[in-house]
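The entries follow in the order I made them.

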Amino acid sequence: MALKIFDIDGTILRGDSNDQFFKCLIDHKIITPDYMDFNREAGARFYSGTLDILEYYRYVIKPIAGKTEAELKDLLDDYRENYLKPHVYPKAQELISRFRNEGHVIILASATMDLLVKQTAELVGADFFISTRVKYDEEGRIRDVYPDFCHQEGKRARLKALCQEKGLNLKDSSGYGDTINDIPLLETVDHAFVANPGVHSEKLLHIAAERKWQTIRF
């Protein structure tokens, strides 16, 4: 049994899960299309590794702030089935399913907020996930995000914390990521894979060549 750790956006999912969430919110008439303008600007900063994650996720949760998870159930179900599922790379799903059948542990590691990552985890059959955590008030209503973001070095820290909490071992582990933000994750595992390298992967590919990391396309 070994840990198989996957980033989500651009790695096992074509595109970005936050983009899909905003499209879902637009279709449910919770936001208007212009709300995505900041998201497009943030995308460039994300790929360069300079995105202010706190600012970004306060923007992401703003349309659903004050809601409980129960109140969002129908929305999240629709998001999972109609906005995420069509964008999962079939080859990524096949690999995850094969790993599960072989008895390995599947972990998703994403800077995306836990409400959304939970949907992807259910969809692909992950055992665990680490993500940016939503903060609730005493009534269970969404208020903010916790500052221990699952981003860059935060992925490494959160992964190690999960392993300690669940009694998991990183020996012979594999990690899959697609941007420079995943470098700390890929440095932590025994077998690192750069997934679906593209226009945003130049720096990551340079490091991968130096360290003899493998590449994989889904």
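**Entry 1. Charges over rings.** I looked up K4 and found its charged end over the ring of F99, 4.6 Å from the ring centre. The model is predicted, and I keep that in mind for every entry. I then turned to R133, which lies over the face of Y146. The distance to that ring centre is 4.2 Å.

**Entry 2. Ring pairs.** I noted that two aromatic rings are described by the distance of their centres and the angle of their planes. How many aromatic pairs does a search of the whole structure find? I wrote down twelve. One of them joins F6 and Y176, and this pair is stacked.

F6 belongs to strand β1, residues 3–6, while Y176 belongs to strand β6, residues 174–177, so the pair ties together parts that lie 170 residues apart in sequence.

Are F6 and Y176 buried or exposed? I found F6 buried, with a relative accessible area of 0%. Y176 has 3% relative accessibility and also counts as buried, because the cut-off for buried is under 20%.

**Entry 3. A pair of tyrosines.** Next I looked up Y56 and Y57, which form an edge-to-face aromatic pair. Their centres are 4.9 Å apart, and I noted 80 degrees between the planes; an angle over 60 degrees counts as edge-to-face. Y56 and Y57 are both buried.

I asked which aromatic cluster holds Y56 and Y57. The cluster consists of F21, F22, Y35, F38, Y56, Y57, Y59 and Y79.

**Entry 4. The whole chain.** I stepped back to the chain and listed nine helices and eight strands. Its radius of gyration is 17 Å, close to the 17 Å from the globule rule for 218 residues, so I recorded the chain as being as compact as a globular protein of that length. The C-alpha trace spans about 45 × 35 × 30 Å along its principal axes.

I looked up burial for the chain as well: 54% of the 218 residues are buried. The accessible surface comes to about 10400 Å², and carbon and sulfur atoms hold 49% of it.

Key. Residues are numbered from 1 along each chain as its sequence is written. This is a predicted model: local features need pLDDT of at least 70, side-chain atom pairs count only at pLDDT 80 or more; totals for chains, interfaces and linings use all residues. Side-chain values use heavy atoms; hydrogens and water are left out. Rings of Phe, Tyr and Trp (its six-membered ring) pair if their centres lie within 6.5 Å; planes under 30 degrees apart count as stacked, over 60 as edge-to-face and the rest as tilted. Helices (H or I, at least four residues) and strands (E, at least two) are DSSP runs, numbered from the N terminus. Buried means under 20% relative accessible area, exposed over 50%, partly exposed in between (1.4 Å probe, protein chains only). A charge sits over a ring if NZ of Lys or CZ of Arg is within 6 Å of the ring centre and within 35 degrees of the ring normal. The radius of gyration is taken over C-alpha atoms; the globule rule is 2.2 Å times the number of residues to the power 0.38. Accessible areas come from the Shrake-Rupley method with a 1.4 Å probe; for residues, only the protein chains shown count as cover.
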